[in-house]
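Morning, everyone. Please bring up the sequence and the model, and keep both in view while I talk.

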Amino acid sequence: MMQASRLSSFAAGARDTLPMLVGAAPFGMIFGTLVATTPLAAWQGQLMSLSVFAGSSQFIAVGLVAGHAGMLVIWLTTLIVNLRHMLYAATLLPHVAHLPARWRWTLGFLLTDETFAVMNGYYSKRTDPRIGHWYFLGSGLSMYANWQAWTLVGLLFGAVFPQLQSLGLDFAMVATFIAIVVPQLSRLPHLGAALGAGLFAYLLKDLPYKLGLMSAVLVGVTIGVALSRWQARQVEAA
């Protein structure tokens with residue numbers, strides 16, 4: 001019975017992530033296409049998807065490689081862009097803290113924006129920790145397989161159909177992120193972080209090496225943390 005529950009929970013996680021898979025598909029294909037326009041070999045692009053598995057950071061890294069940026073700039077830029085994953089992990093940690101290290105490391109690697117949105121909704125409705133990690137695994141692995149498959153499609157067809165980049169397919173990912181972000185804006189820290197990051201991303205969009213985006217991410221994280229601490233103090237004082 002427990003085995004059946006694990007499998008059904010795993011399948012449910014993959015099923016509930018299906019809308020996110022659709023949104024990520026063109027994003028992964030465009031990434032593969034972009035790799036074909038840079039000094040990177042196709043196998044290096046696929047290896048990046050396999051080992052990094054962070055779409056926005058991969059896009060930025062490829063752009064910086066194409067612009068002949070230094071390795072330190074690439075490392076720092078992708079690190080800062082991915083700092084939001086620390087907030088995701090901190091939010092989900094209470095639900096997985098009881099798991100062995102091998103589970104926590106695996107789920108941490110599979111944690112993406114889309115999987116966080118699915119898992120945050122899941123844990124907000126269910127408190128039983130016994131099989132929740134199987135649902136998490138189903139969601140994360142389905143996103144991982146989807147990203148690898150569409151990266152490969154982009155790599156294979158990118159050189160043959162370079163116009164893929166101009167078809168506007170990236171709008172699907174924008175729509176997906178809107179669907180992820182908007183439901184989270186009901187809390188003041190989330191709203192403040194989104195507004196602050198969006199404003200600074202616009203104001204600093206002309207900085208080289210994506211430094212404007214890096215700065216916007218830092219501003220958003222700072223505002224979110226500051227507002228969270230302020231709310232906590234207000235609760236303690238009440």
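Let's start with Tyr122, which lies in helix 8. A helix here is a DSSP run of H or I with at least four residues, a strand is a run of E with at least two, and both are numbered from the N terminus. Before I go further, a word on the source: this is a predicted model, so local features need pLDDT of at least 70, side-chain atom pairs count only at pLDDT 80 or more, and totals for chains, interfaces and linings use all residues. Residues are numbered from 1 along each chain as its sequence is written, and side-chain values use heavy atoms, with hydrogens and water left out.

Back to Tyr122. Is Tyr122 buried or exposed? Tyr122 counts as buried because its relative accessibility is 6%. The cut-offs are these: buried is under 20% relative accessible area, exposed is over 50%, and partly exposed is in between, with a 1.4 Å probe and protein chains only. What does Tyr122 touch, leaving aside neighbours within four places in sequence? Its contacts are Ser9, Gly132 and Tyr135. Contact means heavy atoms within 4.5 Å. Tyr135 is 13 residues away along the chain, and the two C-alpha atoms are separated by 8.7 Å.

Helix 8 covers residues 113–125, which is 13 residues. From first C-alpha to last, helix 8 reaches 19 Å, close to the 18 Å expected at 1.5 Å a residue. The expected span is 1.5 Å times one less than the number of residues. Several residues of helix 8 are buried, including Asp113, Glu114, Phe116 and Tyr123.

Step back to the whole chain. How many helices and strands does the protein chain have? Twelve helices and zero strands. Of the 238 residues, 39% are buried. Now take contacts between residues at least 6 apart in sequence: 79% of them join residues at least 24 apart.

Next, helix 12, residues 211–237. Its 27 residues should span 39 Å at 1.5 Å a residue, and its end C-alpha atoms are 39 Å apart, so the two agree. Among its buried residues are Gly212, Met214, Val219 and Gly224. What covers the buried residues of helix 12? The cover includes helix 5 and helix 11.

On to helix 9, residues 132–158, where we find Thr151. Thr151 is buried, because its relative accessible area is 0%. Its side chain joins that of Ser49 in a polar contact of 2.9 Å. A polar contact is a pair of N or O atoms within 3.5 Å; within protein, one must be able to donate a hydrogen and the other to accept it, and residues adjacent in sequence count only if both atoms are side-chain atoms. Not counting residues up to four places away, Thr151 also touches Gly28, Phe31, Gly32, Gly45 and Gln46.

Phe157 is in helix 9 too. Phe157 is partly exposed, because its relative accessible area is 40%. Phe157 and Gly32 are 125 residues apart along the chain, yet their C-alpha atoms are separated by 8.5 Å.

Now a pair of backbone angles. Most residues other than glycine have a negative phi. Phe53 has a positive phi, near 50°. Phe53 is in the loop between helix 3 and helix 4, and it is buried because its relative accessibility is 5%. His68 has a positive phi as well, near 60°. His68 sits in the loop between helix 4 and helix 5. Is His68 buried or exposed? His68 is exposed, because its relative accessible area is 67%.

Phe53 brings us to the second largest pocket. Its lining has 29 residues, and Phe53 is one of those nearest its centre, with Val52, Ala54, Ser57 and Asn82. A pocket is found on a 1 Å grid over the protein atoms alone: an open set of points where a 1.4 Å probe fits, with protein on both sides within 12 Å along at least five of seven lines, and lining residues have an atom within 4 Å of a point. Which helix gives the largest share of the lining? Helix 6, with seven residues. The lining divides into 22 nonpolar residues, six polar and one charged. Nonpolar means Ala, Val, Leu, Ile, Met, Phe, Trp, Tyr, Cys and Pro; charged means Asp, Glu, Lys and Arg; the others, Gly among them, are polar.

That's my tour. Over to you.
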